[in-house]
Amino acid sequence: MTPRQRRITLVVGILAGVSLAGVLALNAFRENVMFFFDPSQVAAGDAPIEKRFRLGGMVRPGTVDREAGSLDMSFVVTDFKHDVRVVYTGVVPDLFRENQGVVAHGRLGSNGVFVADEILAKHDENYMPPEVAKAIKEKHGGVMPVNPDIRAAPQTGT
Amino acid sequence: MNWTWFHRLGSPPHIYRIAGTLTPWFAWPAGLLIAAALYGGLVLAPPDYQQGEGFRILYVHAPSAWLAVMIYGVMASAAAVGLIWRMKVAHAVAASCAGVGAWFTAVSLLTGMLWGKPMWGTYWVWDPRLTAQLILLFLYLGYMGLRAGIDDLGRADKASAVLAIVGVVNIPIIRYSVEWWNSIHQAPSVMKMDRPSMPFDMLAPLLMMLLGFTLYFAAVMLVRLRAEILRRERTASWIREVLR
């Protein structure tokens, strides 16, 4: 082996070794790296239900219940396979709305209701002007589909 | 095969001259593109249906984040070339990348925090994507600190090159963090195999900004490369002729 080949081997070896270590470490800490658990993971018992954890999913339309005259509210988080009801007291972010992603931090009660003390909104990767969104909604009977096809809507002229 | 062109790339006076010639060819288009993209993104593009006008921070945030990752790739590749072929100019290129990359990383983190507060409801969470990007900033800072901490140039080059190569594992983690794990950060809108998840009049300024930032990086890197070469070669005779 020439010195140069030895140095190439060294660089490739460093990369391979560190990648392997990274894969092993990330696999070992999989549960801790996970930012939130979805309702299916909660139903399967994968979520750390004895501790505080984050629950994430979509807000099921028609389930948002606001107590008149207080900040108490409740809604259902769904991943379209399983549902978890969440209760929360406080102000929610502007992007909190039906059929949108949400991440709730709190504890699962023994009655299966998730008591949240922090609500974060999660938006998706789709960006579109309001007119396009309106056209897509009208096409789908007033509901924004999970994976809207932007091309299907009339383009706005600017 | 004729390798003269490759060996000339290792010659500091040659690179010093080329870098000086090329800089304006990157700097002027960069300035024009960034100005046009700012106008397109902040004035011409329509507001988003969910996020309203607030989504426009995307036009600085996303290109900064892409550049932060891309510059790390350039830096680590240059460091590997320097290590394998003992090419001092390659180490100088890697050293010139670090500062620019660190700034782009910081800008992506700061604009992300400003965006996260109104949209998600928080400045910062220990999410995989956010954490990996913060580690990228520390990798850049560590690389610069390591170089600054070793007096002997050859040893500084080697040690920092190894650090840069080790840090490459973080790059796929940043890119795929939103797919491997549940993350509060949305999935890629543009950097994916599928068609982009935004209409053309929103996308065009974004791509212009990306190209503008890339050219800006090239221009700044070349200026820094010239300074780095001058610093390294300060005792060489060709410097006296160049600076006369």
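This is a predicted model: local features need pLDDT of at least 70, side-chain atom pairs count only at pLDDT 80 or more; totals for chains, interfaces and linings use all residues.
The expected span of a helix is 1.5 Å times one less than its number of residues. Helix α6(B) runs over residues 153–166 and has 14 residues. From its first C-alpha to its last it reaches 20 Å, close to the 20 Å expected at 1.5 Å a residue. Five residues named here are buried in this helix: D157(B), S160(B), A161(B), A164(B) and I165(B). Viewed down the axis of α6(B), the buried residues fall within an arc of 140°, so they line one face of the helix. The packing partners of these buried residues come from both chains: α1 (3–28) of chain A on the one hand, and α3 (58–85), α4 (88–119) and α5 (128–149) of chain B on the other.

The contact between the chains can then be taken as a whole. On the chain B side, 37 residues are in contact with 37 residues of chain A. Helices α3, α4, α6 and α8 (200–232) of chain B each supply at least two residues of the side that touches chain A. Of these contributions, the largest share is that of α3(B), with 4 residues. Sorted by class, the side of chain B that touches chain A has 25 nonpolar, 9 polar and 3 charged residues.

Stepping back to the chain itself, chain B has 9 helices and 0 strands, and its pattern along the sequence reads α-α-α-α-α-α-α-α-α. The radius of gyration of chain B is 20 Å, close to the 18 Å that the globule rule gives for 244 residues, so the chain is as compact as a globular protein of that length. Along its principal axes, the C-alpha trace of chain B spans about 60 × 35 × 35 Å. Buried residues account for 44% of the 244 residues of chain B. Among the contacts in chain B that link residues at least 6 apart in sequence, 78% join residues at least 24 apart.

I173(B) lies in helix α7 of chain B, which covers residues 170–180. This isoleucine counts as buried because 20 C-beta neighbours lie inside 10 Å, and 20 or more is the cut-off for a buried residue. Along the chain, I173(B) and R129(B) are 44 residues apart, while their C-alpha atoms are separated by 7.9 Å.

Definitions and conventions:
Residues are numbered from 1 along each chain as its sequence is written. Chains are lettered from A and ligands numbered from 1 in the order in which they are written. A residue is buried if 20 or more other C-beta atoms lie within 10 Å of its own, exposed if 12 or fewer, and partly exposed in between; C-beta atoms are placed from the backbone. The arc is that of the directions from the helix axis to the C-beta atoms. Two residues are in contact if their C-beta atoms, placed from the backbone, lie within 7 Å. Ala, Val, Leu, Ile, Met, Phe, Trp, Tyr, Cys and Pro count as nonpolar, Asp, Glu, Lys and Arg as charged, and the others, Gly among them, as polar. The radius of gyration is taken over C-alpha atoms; the globule rule is 2.2 Å times the number of residues to the power 0.38.
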